Amino acid sequence: MRMSRYFLPVLKETPREAQIVSHRLMLQAGLIKQASAGIYSWLPMGYKILKRIEQIVHEEQAKAGHLAMLMPTIQSADLWRESGRYDAYGDEMLRIKDRGGRDMLFTPTAEELVTDIFRSHVSSYKDLPLTLYQIQWKFRDETRPRFGVMRGREFLMKDGYNFDLTQEDALHAYNRHLVSYLRTYERMGLQAIPMRADSGPIGGDDTHEFLVLAETGESEVFYDSEITDLTFGDRQIDFDDKAACAAVLDEFTSRYARTDETHDEALFAQVPEERRRTARGIEVGQIFYFGTKYSDAMGATVQGPDGKPVAVHMGSHGIGVSRLLGAIIEASHDDKGIIWPEGVTPFHAGIVNLRQGDNATDAACEDLYDSLRAAGLDPLYDDRDERAGAKFGTMDLIGLPWRITVGPRGLKSGVVELTSRRTGESEELSPGDAVAKLIAIYANV
């Protein structure tokens, strides 16, 4: 993409409504525009990052054996009355009527709808285990939407639902999701710590939230500092191996880590004093096991091995896809702007032409642009007739991980400048070597 043809409405002034860094930078960098309280339009660059995050989620869900689908955003109230949640859910649910006077609702979550799909089409234990998921827009009518996409009313969420014959199988699904989530977040450059949490209106006794530590987090968290030394890394795991998945769960949840809702001061006191930490955290996902809560209420049974009907065991598992943009920015920024991790960056590198209109620099930039695209990378070429300072300022604000600067002086020596946005370090390389280095960097992402 060429900057001269791109829609990137960056703001020079700090938006008055922005209360936290991620909200301010998303507005300034032209990623979003508020449509109404807690509801945003996703502009081209913001939408592109959203799709990159979606792709990572889809890839990791596929590795875990989960099946993607898509359910409607508008549901019938009848299913929610059947489960007993229609009146219990509270005012966050947006309740509406269609022209026929039927009670409908804008989806806050989809346990009822997916259970209805399951009971309509699955009748035998031989069809289990089964995990279905979607990435779909949800709506929760927050009393005070704030912090941009961090606490909006409309949001994009991955929500998955497992159906298993036994509690043992369903808890393996729980562990499998924990493993896949750890892999997902690390690919996005995040350390998301699983913490014992409260189930809220979803229900169930087994639940962990995944929280990214940040000063602006909405939750107070208490944890053993040893947990921040853990990484999943590039280890390979067989998702059908119950023992292996259970071992990962034990590794990442055996140390104390809880939100304020489930904090136990007596248990926390057992952690060595030098390792006790209190901080703020941003929730970016949650996994639940709730047994037969919905299958009992809605008659979701299968024929068991003995020919008798068995209520299936279920769980649900969510990732806040749109919220992740805010969380990544909160965890990765400086006073100049955003610093995107390579896994989610909207463009792999920025090309800055220091003397637009100069034949040599124009030609060198075009060659770099074509070489990167031929290698499967996606560059953003700032070909505007702007001063160098403005171009650098824009690149720093939007946060691309790498920048190639091309100027007449360097070209006389046969080099361009490759700069890391994260460290600020630059090195002079031939154009071919700069391209080769970027190909090597992204080969491992």
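**View 1. The largest pocket of this predicted model has a volume of about 920 Å³.** On a 1 Å grid over the protein atoms alone, a pocket is an open set of points where a 1.4 Å probe fits, with protein on both sides within 12 Å along at least five of seven lines. Its volume is the space filled by probe spheres set on the points, which are joined across faces, edges and corners. Lining residues, those with an atom within 4 Å of a point, number 40 here, and the closest to the centre are Arg-140, Glu-209, Glu-283, Gln-286 and Arg-323. Look for β8, β11, β13, β16 and α9, which each supply at least two lining residues; helices (H or I, at least four residues) and strands (E, at least two) are DSSP runs, numbered from the N terminus. The lining divides into 13 nonpolar, 13 polar and 14 charged residues. Here Ala, Val, Leu, Ile, Met, Phe, Trp, Tyr, Cys and Pro count as nonpolar, Asp, Glu, Lys and Arg as charged, and the others, Gly among them, as polar.

A word on the model: it is predicted, so local features need pLDDT of at least 70 and side-chain atom pairs count only at pLDDT 80 or more, while totals for chains, interfaces and linings use all residues. Residues are numbered from 1 along each chain as its sequence is written, and side-chain values use heavy atoms, leaving out hydrogens and water.

**View 2. The second largest pocket holds about 340 Å³ of space.** Val-10, Leu-11, Lys-12, Gly-393 and Thr-394 lie nearest its centre, among 17 lining residues. Helices α1 (21-28) and α11 (388-398) each give two or more residues to this lining, and α11 has the largest share, with 4.

**View 3. Strand β11 has two antiparallel partners, β13 and β12.** Strands pair if DSSP finds at least two bridges between them. Another 3 bridges link β11 to β12, where Tyr-223 stands opposite Ala-257.

**View 4. Helix α5 covers residues 167-187.** From first C-alpha to last, α5 reaches 30 Å, close to the 30 Å expected for its 21 residues; the expected span is 1.5 Å times one less than the number of residues. In α5, 15 of the 21 residues are buried. Just after α5, Gly-189 takes a positive phi of about 80°.

Conventions:
Buried < 20%, exposed > 50% of the residue type's maximum accessible area, 1.4 Å probe, protein only.
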